[in-house]
Amino acid sequence: MSIVAFDPSGGMWLSDTEPSFIDVDALRQGRLARLRAWMKQSDYGAVVLFDPYNQRYATGSRNMFGYFLRNSTRYFFIPAEGAIVLFEYPQSQHVSMALDTIAQARPSKLVWSAVSGKDDETAGPFADEIADLLRQHGGGSMRLGLDRCSHLQALALTRRGCEVRDCQGEILAVRAIKTQEEIKCLQVSMAGAEAAVAAVRAAIEPGVSENDLFAIMYHEVIRQGGEFIETRLLTSGQRTNPWFNEAGGRKIRPGELIALDTDTIGCYGYYSDFSRTFRCGPGKPTAEQKLLYRMAHDQVQHNIAIVQPGMAFREVAEKAWKIPERFVEQRYTSVMHGVGMHGETPFIAHAMDYQTYGCDGHLVPGMVLSVESYIGAKGGREGVKLEDEILITETGTELLSRFPYEDDFLSGGPG
């Protein structure tokens, strides 16, 4: 077996995915400490992480991120105490072995097994190795958390005496409270996303296509050190109603609205999630466009204003801005939702949806939330999407997204 160990004499790992003014050691160690505190409290001997977001949270390691989002073949063994083992894609262990969080790398037992039709053959050797590590380093506990894997692997581990539990939800709850270094990363990521949206706004003119604008946004995200955009939510004119259409080749005409949602895995692997709606000139917004925009603006501002640390999620839903009847059917799916390395927990549903989508919990300092609004009537000509990102503090909230609203929509009379 090939094993590559971390050489501490190699000095500080110089990362191109974390800002130079952030203490990268504190960032990694702070996240890992939170994860391990939960593991000890819940009597986990170890967790095996397949989800690239969880891997990055626990260790700071990133390798072929998009590939491993769909191929669960790279994984980490993380005991509650002791050495972390990376099971890596062949010939790529050098990407992560300078990290102080990873003690050794071994070849993945699962690489290519799915495409080769050999998942049933690889599950046993995979489970043998993980169960052996758990017995050696689990502190006497055989409870093993898996964030995602094949049922064949879970069954094989169970047959070898492991108490296998799905821990994805528990890990997301750990990640919901951000460390101080994470908050700095979120702020830097937001600055990059705002620069991308500013580039889009500057490029709006008659005849430009939605894809043209989306390409401008993506270019600027990458140029600012970001990584990728999770969605293609940039639409114009009648395609802004209903929401969730995706950018296409449609050409924008004078007087139309252009709405976008950043949904960006931005600088340093942290999510930036805010929305704005613009108008293609010349001229001024119509009375209907102003009405839609002002309602969306009121919804976001009201819902930010009610937020207080310690508030129950259900209370947020009950006190949220009341959506006028003609806009209820096409309401956004949440009042607000968590933000971290992607859109995360908590998900705070509307009061009318709480039985279906709601969950219990409280707002806690260190949570970061995106406050949502979409206003567009069913069958209406256009719709407006607005959204801002906030940090829950000890005394209230701090606005993280500072991209300005459009004065033409908010000033003067109705049209």
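**Terms put to the test**

Modeller: Start with a turn. β3 and β4 form a hairpin with five residues between them. Gly82 sits in that turn and has a positive phi of about 105 degrees. Keep in mind that this is a predicted model.

Biologist: What makes β3 and β4 count as paired strands?

Modeller: The bridge count. Pairing needs at least two bridges. β3 and β4 (residues 85-88) have three, in the antiparallel sense. Tyr75 has Phe87 in β4 as its bridge partner.

Biologist: In which sense does β3 pair with β2, and over how many bridges?

Modeller: Antiparallel, over four bridges, with β2 spanning residues 46-49. There, Val47 stands opposite Ile78 of β3.

Biologist: Why is β3 called largely enclosed?

Modeller: Five of the five residues of β3 (residues 75-79) are buried, so the rest of the structure largely encloses this strand. Tyr75, Phe77 and Pro79 point one way, Phe76 and Ile78 the other, and all are buried.

Biologist: Arg175 in helix α6 (residues 168-175) is next. How do you know whether Arg175 is buried or exposed?

Modeller: Its relative accessible area is 1%. Buried means under 20%. Therefore Arg175 is buried.

Biologist: Which residues does Arg175 touch, leaving aside those up to four places away in sequence?

Modeller: Tyr53, Asn54, Tyr57, Met341, His342 and Glu344.

Biologist: What angle do the axes of α1 and α2 make where they cross?

Modeller: Roughly 110 degrees, and the axes of α1 (residues 24-41) and α2 (residues 52-59) come within 6 Å. The range for roughly perpendicular is 65 to 115 degrees, so α1 is roughly perpendicular to α2.

Biologist: Which residues meet there?

Modeller: From α1, Arg28, Arg31, Leu32, Arg34 and Leu35; from α2, Arg56, Tyr57, Ala58 and Thr59. The residues of this contact divide into four nonpolar, one polar and four charged.

Biologist: Now the open sheet of three strands. What is its strand order?

Modeller: β8-β11-β12, with antiparallel pairing.

Biologist: Why are β8 and β12 said to stand at the edges?

Modeller: β8 (228-229) and β12 (271-272) each have a single partner strand, so one side of each lacks a neighbour in the sheet.

Biologist: How do you know that β11 and β12 pair?

Modeller: Two bridges join β11 (residues 264-265) to β12, running antiparallel. The cut-off is at least two, so β11 and β12 pair. Thr264 stands opposite Ser272 in β12.

Terms used
Residues are numbered from 1 along each chain as its sequence is written. This is a predicted model: local features need pLDDT of at least 70, side-chain atom pairs count only at pLDDT 80 or more; totals for chains, interfaces and linings use all residues. Side-chain values use heavy atoms; hydrogens and water are left out. Buried means under 20% relative accessible area, exposed over 50%, partly exposed in between (1.4 Å probe, protein chains only). Contact means heavy atoms within 4.5 Å. Axes are lines fitted to C-alpha atoms, for helices over the stretch in contact, and angles run from 0 to 180 degrees between N-to-C directions. Angles under 35 degrees count as roughly parallel, over 145 as roughly antiparallel, 65 to 115 as roughly perpendicular and the rest as oblique. Ala, Val, Leu, Ile, Met, Phe, Trp, Tyr, Cys and Pro count as nonpolar, Asp, Glu, Lys and Arg as charged, and the others, Gly among them, as polar.
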